[in-house]
Amino acid sequence: MQKPKIILSEQDLNRLETMLEHQSKLTTTMLQLEDELARAEVVKPQEVPSNVVTMHARVLVTIAPSEQATEITLVYPHEFKGEAGQLNIIAPVGAAILGLEEGQTIEWPQPDGQLMKVHIEKVLYQPERDGDYL
């Protein structure tokens with residue numbers, strides 16, 4: 001299955017590349033994230049479409065076989081506190097959804113080798129959309 005196109009802000013790309021460079025060991029998901037960063041269309045933060053999943057975005061996703069949408073916020077590893085709704089970018093679902101638009105679905109390998117299907121229902125909050133470029 002061909003992967004859907006993804007869009008990243010220059011800022012997210014730079015921060016994620018730096019984060020990956022500082023890992024002592026790259027997990028399978030981190031390597032897949034590197035591949036995603038390499039194939040992404042990169043734009044200035046102000047040019048990110050408002051319906052795209054960026055870092056710190058709050059998103060409604062459905063992960064098959066569940067039909068129940070879950071609200072998650074995408075965070076960096078150093079921000080991950082295990083709070084309800086937080087999703088680490090280096091978790092399989094986190095790496096899978098970065099850069100996707102509302103309505104897109106991606107098939108992503110899980111650590112056990114099975115494919116999971118993740119669908120973006122809605123981007124509830126996106127920092128770039130609100131002019132927050134921190």
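This is a predicted model: local features need pLDDT of at least 70, side-chain atom pairs count only at pLDDT 80 or more; totals for chains, interfaces and linings use all residues.
**Ground rules.** I take helices (H or I, at least four residues) and strands (E, at least two) as DSSP runs, numbered from the N terminus. I number residues from 1 along each chain as its sequence is written, and my side-chain values use heavy atoms, with hydrogens and water left out.

**Entry 1, A38.** I looked up A38 and placed it in helix α2. I call a residue buried under 20% relative accessible area, exposed over 50% and partly exposed in between (1.4 Å probe, protein chains only). The areas come from the Shrake-Rupley method with a 1.4 Å probe, and for residues only the protein chains shown count as cover. A38 counts as exposed because its relative accessibility is 69%. I also checked A38 against L16, 22 residues away along the chain, and found their C-alpha atoms separated by 11 Å.

I noted three helices and seven strands, and the order along the sequence reads β-α-α-β-β-β-β-α-β-β. The radius of gyration is 14 Å, close to the 14 Å that the globule rule gives for 134 residues, so I record the chain as being as compact as a globular protein of that length. Here the radius is taken over C-alpha atoms, and the rule is 2.2 Å times the number of residues to the power 0.38. Along the principal axes, the C-alpha atoms fill a box of roughly 35 × 35 × 35 Å. Buried residues account for 42% of the 134 residues.

Which residue forms a salt bridge with E36, and how far apart are the closest N and O atoms? The partner is K3, with the closest N and O atoms 3.2 Å apart. E36 lies in helix α2 and K3 in the segment before β1 (7-9), so this pair ties together parts that are 33 residues apart in sequence. E36 is buried, because its relative accessible area is 2%, whereas K3 is partly exposed at 35%.

For R58 and E71, which form a salt bridge, the closest N and O atoms are 3.0 Å apart. The pair links distant parts of the chain, with R58 in strand β3 (residues 58-63) and E71 in strand β4 (residues 70-75), 13 residues apart. R58 is partly exposed, with a relative accessible area of 33%, and E71 likewise counts as partly exposed at 42%.

For K122 and E102, also a salt bridge, I found the closest N and O atoms 3.9 Å apart. K122 lies in strand β7 (residues 115-125) and E102 in the loop between α3 (92-97) and β6 (105-109), so the pair ties together parts that are 20 residues apart in sequence. K122 counts as partly exposed at 41% relative accessibility, and E102 is partly exposed with a relative accessible area of 28%.

I build patches from residues with over 30% relative accessible area and no salt bridge, joining like charges within 9 Å and nonpolar side chains (Val, Leu, Ile, Met, Phe, Trp, Tyr) within 5 Å. Lys and Arg count as positive and Asp and Glu as negative, while His and the chain ends are not counted; a charge is placed at NZ of Lys, CZ of Arg, CG of Asp or CD of Glu. Which residues form the negative surface patch? I found E17, E21, E34 and D35, and the elements giving two or more residues to the patch are α1 (10-21) and α2 (28-39). E17 lies in helix α1 and is partly exposed, with a relative accessible area of 36%. E34 is found in helix α2 and is partly exposed at 34%. I also looked at E34 and M55, 21 residues apart along the chain, whose C-alpha atoms are separated by 15 Å.

H56 has a positive phi of about 70° although it is not a glycine. I placed H56 in the loop between β2 (41-43) and β3, and H56 is partly exposed, with a relative accessible area of 26%.

Methods:
A salt bridge is a side-chain nitrogen of Lys or Arg within 4 Å of a carboxyl oxygen of Asp or Glu.
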